[in-house]
Amino acid sequence: MSGRVEAVCLVHADRPNHRGAQTAIDKRQVEHPVRIKTLGPMGDHVGDRRHHGGVDQAVYAYAEEEASRWAEELGRPVPAGYFGENLRLSGVAVTDAVVGSHWSIGSALLEVTAPRIPCATFQHWTGEAQWVKRFTARGDVGTYLRVLTEGTVGSGDDVDVVHVPAHGVTVRELFALHDLDRVAPLLDHPNLAAGERSRIQKALRRTAAR
């Protein structure tokens, strides 16, 4: 399975979020190839380091097909970078990628780690009423990626899926946590993103307490 990099995006400017703190959600497409380091693309940064960034969220990818659905619903363009993504991809499952899959893009090797969890900063940026609720209900959340091998990525590069874990649990399923019997075995995988391990454990505790 292979796809294509439609755009590589870096922070354009820091913007105030709903509380007045600085956020780096304003990403714009760049025309030059970008070096992808362990903590993310060179020339990019994270505003809220408590909730974003780190090795498990080094790169954020969103699908052109999913963005097009939003553009149709919103009645306006959703350009590359609008959702704060570093990579706008086409022709490859993104939200429906299997957790732990390895993607070869340019000279980099990336691993699918976790869904994007929508927040108030995201809603403030879009200016859309009930955005967190709508984004959650749609479930087209994109995926975060871990950098296994640093490299350079540019628009037009192929996205080659070179490894897919046998467990089959997708980013969409991990985001929703509707079927804990299916998702809970991910806890046995030592490379599960720390934030997702915590989300699954909390969901299991809530279920046990009922």
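I take helices (H or I, at least four residues) and strands (E, at least two) as DSSP runs, numbered from the N terminus. The model is predicted, so I noted that local features need pLDDT of at least 70 and side-chain atom pairs count only at pLDDT 80 or more, while totals for chains, interfaces and linings use all residues. Residues are numbered from 1 along each chain as its sequence is written, and side-chain values use heavy atoms, with hydrogens and water left out.

Entry one: Ile25. I found Ile25 in the loop between β3 (22-23) and β4 (27-30). Ile25 counts as buried because its relative accessibility is 9%, where buried means under 20% relative accessible area (1.4 Å probe, protein chains only). Leaving aside neighbours within four places in sequence, I list Gly81, Gly84, Arg116, Phe122 and Trp125 as its contacts, contact meaning heavy atoms within 4.5 Å. Trp125 is 100 residues from Ile25 in sequence, yet their C-alpha atoms are 7.7 Å apart.

Entry two: the core. A nonpolar core is a set of buried Ala, Val, Leu, Ile, Met, Phe, Trp, Tyr and Cys residues joined through side-chain atoms within 4.5 Å. The largest one has 51 residues, and Phe83, Leu87, Leu89, Trp103 and Phe135 have the most contacts inside it. Strand β7 (residues 59-63) gives the most to this core, with five residues. Beyond its neighbours within four places in sequence, Phe135 has contacts including Tyr60, Tyr62, Trp70 and Phe83.

Leu177 lies in the loop between α4 (171-176) and α5 (180-183), and its phi is near 55 degrees, a positive value in a residue other than glycine.

Definitions and conventions. Buried means under 20% relative accessible area, exposed over 50%, partly exposed in between (1.4 Å probe, protein chains only).
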